[in-house]
Amino acid sequence: MRIGELAAATGTTPRALRHYEQAGLITSVRAHNGYRVYDERAAVRVRNIRHLLSVGLTLDDVRCFLPCLDGDMATAPPSAEGLGIARARLAVLDARIAAQTEARDRLAQALGEIVAHSSDSCAGPCG
């Protein structure tokens, strides 16, 4: 199937498919006219890639799942390595959320202090 057909079958874009191919997650052959042609099984692989990305994994994380991408990942039991990758990514996300929450709290506190000490006669954004 050509790139547009694979994109339509998997709910993605040709650009994303080219990106996955560049990352080594999917492969194609070139037709005589230069068009990319994908194997019918590529749709399963792309759906699995999209699933893993949608739950917060990165393309580098997904690369570790290459041996599993052609099967039914939704019903297959997870491997120890896969669980480790998911737990590590969750820890990264938790750390980012904590850092953003701290920054938000500092800003909210500073804003509260500014509002409490300001007058309504402020002429501009810098006071």
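This note sets out numbered points on the packing, helix contacts and salt bridges of a predicted model.

1. Nonpolar core. The largest nonpolar core holds 23 residues, and the members that touch the most others are Leu 6, Leu 17, Tyr 20 and Tyr 38. At least two core residues come from each of the helices α1 (3-10), α2 (14-22), α3 (42-54) and α4 (59-63). Helix α3 gives the largest share, with five residues.

2. Surroundings of Leu 6. Which residues does Leu 6 contact, once its neighbours within four places in sequence are left aside? The partners are Met 1, Leu 17, Tyr 38, Ala 42, Ala 43 and Val 46. Two of these partners, Leu 17 and Tyr 38, are themselves among the core members that touch the most others.

3. The buried side of α1. Helix α1 has four buried residues, namely Ile 3, Leu 6, Ala 7 and Thr 10. Because they cover an arc of only 100 degrees around the axis, they lie on the same side of α1. After α1 comes Gly 11, which has a positive phi, near 70 degrees.

4. Packing of α1 against α2. The axes of α1 and α2 are 9 Å apart, and the two helices pack at an angle of about 100 degrees. Angles of 65 to 115 degrees count as roughly perpendicular, so α1 is roughly perpendicular to α2. On the α1 side the contact is made by Ile 3, Leu 6 and Ala 7, and on the α2 side by Pro 14, Leu 17 and Arg 18. Ile 3, Leu 6 and Ala 7 are also among the buried residues of α1.

5. Salt bridges, overall and at Asp 39. The whole structure contains six salt bridges. One of the pairs is Arg 41 with Asp 39, where the closest N and O atoms are 3.0 Å apart. Arg 41 counts as exposed, at 62% relative accessibility, while Asp 39 counts as partly exposed, at 39%.

6. Asp 70 and Arg 45 form a salt bridge through their side chains, with an N to O distance of 2.8 Å. Why does this pair tie together parts that are 25 residues apart in sequence? The reason is that Asp 70 lies in the loop between α4 and α5 (80-117), whereas Arg 45 lies in helix α3. Arg 45 is buried, with a relative accessible area of 15%, and Asp 70 is partly exposed at 47% relative accessibility.

7. The side chains of Arg 63 and Asp 60 form a salt bridge with an N to O distance of 2.6 Å. Both residues lie in helix α4 and are three residues apart, about one turn of the helix. Asp 60 is exposed, its relative accessible area being 53%, and Arg 63 counts as partly exposed at 31% relative accessibility.

8. Asn 48 in α3. Is Asn 48 buried or exposed? Asn 48 belongs to helix α3 and counts as buried, because its relative accessibility is 9%, below the 20% limit for that class. Apart from neighbours within four places in sequence, Asn 48 contacts Cys 68, Leu 69, Asp 70, Gly 71 and Met 73. One of these contacts, Asp 70, is also the salt-bridge partner of Arg 45.

9. Pro 78 is found in the loop between α4 and α5 and is exposed, with a relative accessible area of 57%. From C-alpha to C-alpha, Pro 78 is 9.8 Å from Cys 68, and the two are 10 residues apart in sequence. Leu 83 belongs to helix α5 and counts as partly exposed at 33% relative accessibility. Leu 83 and Leu 53 are 30 residues apart in sequence, with their C-alpha atoms 15 Å apart in space.

Definitions and conventions
Residues numbered from 1 in each chain as written. Predicted model: local features only at pLDDT ≥ 70, side-chain atom pairs only at ≥ 80, totals over all residues. Heavy atoms only, no water. Core = buried A, V, L, I, M, F, W, Y, C linked by side-chain atoms within 4.5 Å. Buried < 20%, exposed > 50% of the residue type's maximum accessible area, 1.4 Å probe, protein only. Contact = heavy atoms within 4.5 Å. Arc of directions from axis to C-beta. Salt bridge = Lys/Arg side-chain N within 4 Å of Asp/Glu carboxyl O. Axes fitted to C-alpha atoms, helices over the stretch in contact; angles between N-to-C directions. Parallel < 35°, antiparallel > 145°, perpendicular 65-115°, else oblique.
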